[in-house]
Amino acid sequence: MNTIPNSHEFSPNLDWLPLNDAGNGQRLANLMRDNLIHVFEMDKWLFWDNTQWIQMNHEHENAVANLVSAAVHDSAKRLEMHLQQNPTGDKKELALLKQRVSSLYKWAVKLGMHGDIVRMFARGRGEEGIAKSSKDLDANPNKISILNGTIDLPSGTLLPHNSYD
């Protein structure tokens, strides 16, 4: 079965993105930009399975939502760890961090709800690097993807799969 890559391990710092639908769309884009696209002519989500673009189904959407939720949870843990390592300081800043940690933990749980998943994908489809045209799927007419790689037609060389070809 095709699976969604575990992209949240390599995510940029998402600790302070808004805790709303727009923030979830940004998280989705930041976490999955290299592995997930929305093709607007087809109104379909596709993910890269390391060999080809595959149309997403509900199982894939839930897997992506779980990654986004895990990234929010990781943000909460990271800020909580910062608080534990730096227990003294500006009281307002510490209170703000404690409140953010609590809000992030709650938000991570909320991201598993069906309506939040639907809205996250709705907001994410317009994010930079996610919105694509079907023309973008055949970016290089001199290369063709086959089961065990990509053939460079002018040279006849077999290359590794590449989502940008």
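Which elements each supply at least two residues of the lining of the largest pocket? In this predicted model, where local features need pLDDT of at least 70 and side-chain atom pairs count only at pLDDT 80 or more, totals for chains, interfaces and linings use all residues. Residues are numbered from 1 along each chain as its sequence is written, and side-chain values use heavy atoms, with hydrogens and water left out. The elements in question are β2 (44-48), α2 (58-85) and α4 (114-124).

The protein has four helices and seven strands, taken as DSSP runs numbered from the N terminus (helices are H or I with at least four residues, strands E with at least two). Read from the N terminus, the order of elements is α-β-β-β-α-α-α-β-β-β-β. The C-alpha trace spans about 65 × 30 × 25 Å along its principal axes.

Helix packing comes next. Helices α2 and α3 (residues 91-110) pack at an angle of about 155°, and their axes lie 8 Å apart; axes are lines fitted to C-alpha atoms over the stretch in contact, and angles run from 0 to 180 degrees between N-to-C directions. The two helices are therefore roughly antiparallel (angles over 145 degrees; under 35 counts as roughly parallel, 65 to 115 as roughly perpendicular and the rest as oblique). Their crossing is left-handed, a term for a near helix turned anticlockwise from the far one by less than a right angle, with clockwise giving right-handed. Residues in contact (heavy atoms within 4.5 Å) include Val-72, Leu-79 and Leu-83 of α2 and Leu-97, Val-101 and Leu-104 of α3. By class, the contact of α2 with α3 has eleven nonpolar, four polar and four charged residues; Ala, Val, Leu, Ile, Met, Phe, Trp, Tyr, Cys and Pro count as nonpolar, Asp, Glu, Lys and Arg as charged, and the others, Gly among them, as polar.

With α1 (residues 21-32), the angle is about 70° and the axes are 7 Å apart, which makes α1 roughly perpendicular to α4. This crossing is right-handed. Among the residues making the contact are Asn-24 and Leu-28 of α1 and Met-120 and Phe-121 of α4. Four nonpolar, three polar and four charged residues form the contact of α1 with α4. With α2, the angle is about 90° and the axes are 11 Å apart, so α2 and α4 are roughly perpendicular too. Here Glu-61, Asn-62, Val-64, Ala-65 and Val-68 of α2 meet Ile-117, Met-120 and Phe-121 of α4. The contact of α2 with α4 comprises six nonpolar residues, one polar and one charged.

Back, then, to the pockets. A pocket is an open set of points on a 1 Å grid over the protein atoms alone, where a 1.4 Å probe fits, with protein on both sides within 12 Å along at least five of seven lines; lining residues have an atom within 4 Å of a point. The largest pocket holds about 290 Å³ of space, a volume being the space filled by probe spheres set on points joined across faces, edges and corners. Of its 13 lining residues, Trp-45, His-58, Glu-61, Val-118 and Phe-121 are the closest to the centre. Helix α4 gives the largest share of this lining, four residues. The lining has five nonpolar, four polar and four charged residues.

The second largest pocket has a volume of about 200 Å³. Its lining includes Arg-33, Asp-34, Trp-53, Lys-132 and Tyr-164, and divides into five nonpolar, two polar and four charged residues.
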